[in-house]
There are 2 protein chains.
Amino acid sequence: MRKKHATIDIAILGCGTVGGAAALALVKDRELLENKTGLSLNLKYIVDKNFDNAIKLGLSKKLFEPKLQTVLADPSVSIVVELIGGTTVAKDFIEKALMAKKNVVTANKALLAHSGAALLSLARKNHVTLAFEASCGGGIPIVRALVDGVVANRIDAIYGIVNGTCNYILTQMIGTGRSYQDALADAQKAGLAEANPSLDVSGTDSAHKLAILSSLAFGEKINFDSVPVTGIDSLQSMDVGFGGELGYVVKLIAMAIRLDGGLYLRVHPVFISREHPLAWVSGPFNAISLYGHRTGHTMYYGRGAGGPPTASAIVSDIVSTALGTQKLLFRHLGIWTDRTKKAKQIPYSEIVSRFYLRFMVNDAPGVLAKITAALGKNGISIASVLQKEIPEGAGRQRGKVPVVITTHMAKEKNVRKALTALRAAKLALENPVCLHIVDEREESF
Amino acid sequence: MRKKHATIDIAILGCGTVGGAAALALVKDRELLENKTGLSLNLKYIVDKNFDNAIKLGLSKKLFEPKLQTVLADPSVSIVVELIGGTTVAKDFIEKALMAKKNVVTANKALLAHSGAALLSLARKNHVTLAFEASCGGGIPIVRALVDGVVANRIDAIYGIVNGTCNYILTQMIGTGRSYQDALADAQKAGLAEANPSLDVSGTDSAHKLAILSSLAFGEKINFDSVPVTGIDSLQSMDVGFGGELGYVVKLIAMAIRLDGGLYLRVHPVFISREHPLAWVSGPFNAISLYGHRTGHTMYYGRGAGGPPTASAIVSDIVSTALGTQKLLFRHLGIWTDRTKKAKQIPYSEIVSRFYLRFMVNDAPGVLAKITAALGKNGISIASVLQKEIPEGAGRQRGKVPVVITTHMAKEKNVRKALTALRAAKLALENPVCLHIVDEREESF
């Protein structure tokens, strides 16, 4: 019945944090995996230019191989795991592996966001598979959830906290009132942000993951470059605090919503209600909320990065590739095929949302009336106004006071028009702060 | 490449809430499912004695079939979906379907908890599959997460809120201070508790799900009858309130933990910290936390019951059965095989935990000293003491006051010994209340 100990030879390309963790998982857990799957997963090669990390991890020198060609020419190798990262060498290596009829497993979100459809098409042409559970959400099996777990659903919306660095920084800012710069420094000290954190804090990494998840969820081709992305790097602690007073928590949300006219995709820091499950996803954890037309709201939570969690996702792909389930899913499900139509992505100016607005204004009579008038003129209805004295030292500037306004549902285009008018009229002394308030989606059953 | 529109004939047995919802999903979403999977899922029969619900749902009369034998004798039917429930007729029908070489999909947790291994064995003998995503967690793809998503992990612990009725009642009690009886009545009014709620509120339903999840997670045979189960029906609002003051939330947790000497399985209402993600799972929602040795903590959240969410799980099983992925997983993974060894289940008396204890005592000097002395004598170290005046009407009884004590880690056996002694000495005027305080598990990487 159960085939026992079929040996599967595997090569890992790239032995950094994730590559090293994946290699260790295969070597150390070989017996565990054999017991669970009936497969003998044999790490045969680690391809890299430099084996310092592999040596530090105690991996056997017999595994080291500097040349990709050796792996591609070895007919025993059926799975190649690309963990180099980036969109140049990694792309070249994946293409070569697929053309050599090797099944590929990758964690490379940047590459997939840009070239997913083309690479999957190349895999299909060569009758092999390309698996990428580790590209989104680290140890959270979110790719499987979308492709298999909630396959019976039309997905109406995705809301994801998919970058642990940003979520750690925001959790610090919320919990301690610290500034973005201080919280970033803290994350760097804790090893949770890179020396150059720009890919994370700019929202780009989240956008990569959103493009992948949306392609799977909606079965349409996403144009990555037309997804509007705002990072957390200009977020001010004053707004984090005011949001808190209003019952909101700031999160960097990667969202994709099915609307009547098409898809609305975006990455930006938004306020969500403290009541929503995503609000309590803290520190380096990630979570992805899906809204399906049968399931309603489901959510998937876990560590979105780090060696061992990502290795878990990689090994699960190795197992499903070796078992052949990957091939069946790949062949039958419309995962990113050439035939999928281009998504119609709705420009954000057309989006309707509630808004949090903060103006720095002259502490003079009549200013608030003029601001509310400008908003009203643009059809924006006000939900609440908060004007507070700022205590000494907390960003207080002589003669300037913050006015916080939350709106009812309004079109973003109109909000921007009002803000431009207020700036032009010198009523707003600085660029007004404008953040979306994202409400929980209604379940559609 | 992608096989298009292979037609799969399906029979549903039982057309109640879940059967009706599954039938509707297959009929209404046929095109959606065809687009997503390349499969034409054709509901051919609904087998039931009574078609009132089916008629109400607008399902075609052509589908109605009173005799199981017709389905079993029809060679075109490859998938039989058992949604009758219970452990008598359902068991008989599943066995007959498996012996007729039909693949079976079921949502029947009670049957699987008692007879899962035998039924899976029967399926294997007949070279067909038995899929049961819908048996646990409604629309949450938790069976897949365990079998496939986190396959690379040794699972160290499961903590589940797996009964929506109980969670709704507890959420009411926490939010409004209401009594169990009032909250139950409210749940019944909202259609979230049955007229006879005992299977839910006694914890039995949660225990069924725990037995299934544990079998999958640990690959060992669980003896359902030796899982200690305590329901929520004797929970007092006074304790919910005191727990809240101490920073805890009461949840009915189905837990399975891998300890040195074996597995510790249990269903009981416990206090968990307000900081733990499970604390925020409110109303009818369910969530399951898994702790894997590579992933660390992952959690899966969604609606644990109801027609459409459960139908989503059923259809996902129909799809994976039709695609053949179910067969591959079933053949290769050690899912509940005859060969799995019996789990060693650790008796709860040996368990070490923190405890919440409440005593009703005479409002007299020296009582607290005697209680703490009795605890100390049994090696139980006290973490905090809370003695409060009870306001008029809130369960106040003349001359009796509640004393709440939380302990440091202590063996349950010793706690019970101390409570027995205190009762014998008439220091505790009523049966003391004893609830576990469950701390978040440490991640093991």
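The structure I examined is a predicted model.

**Entry 1: chain A as a whole**

With that definition in hand, I looked up the contacts in chain A between residues at least 6 apart in sequence, and 77% of them join residues at least 24 apart. I then turned to secondary structure and recorded 16 helices and 16 strands in chain A. For the radius of gyration of chain A I noted 24 Å, close to the 22 Å that the globule rule gives for 445 residues, so chain A is as compact as a globular protein of that length. I also noted the extent of the C-alpha trace of chain A, which spans about 80 × 45 × 35 Å along its principal axes. On burial, I found that 54% of the 445 residues in chain A are buried.

**Entry 2: helix H7 of chain A against helix H7 of chain B**

I next examined where helix H7 of chain A (residues 142-149) packs with helix H7 of chain B (residues 142-149); the axes lie 11 Å apart and the angle is about 120°. The crossing in which H7(A) passes H7(B) is right-handed.

Which residues make the contact? From H7(A) I listed Arg144(A), Asp148(A) and Gly149(A), and from H7(B) I listed Arg144(B), Asp148(B) and Gly149(B). Sorting the contact of H7(A) with H7(B) by class, I recorded 4 charged residues, 2 polar residues and no nonpolar residues.

Conventions: Residues numbered from 1 in each chain as written. Chains lettered and ligands numbered in written order. Predicted model: local features only at pLDDT ≥ 70, side-chain atom pairs only at ≥ 80, totals over all residues. Axes fitted to C-alpha atoms, helices over the stretch in contact; angles between N-to-C directions. Helix = DSSP H or I, 4+ residues; strand = E, 2+ residues; numbered from the N terminus. Left-handed = near helix turned anticlockwise from the far one by under 90°. Contact = placed C-beta atoms within 7 Å. Nonpolar A, V, L, I, M, F, W, Y, C, P; charged D, E, K, R; others polar. Rg over C-alpha atoms; globule rule 2.2 N^0.38 Å. Buried ≥ 20, exposed ≤ 12 C-beta atoms within 10 Å, placed from the backbone.
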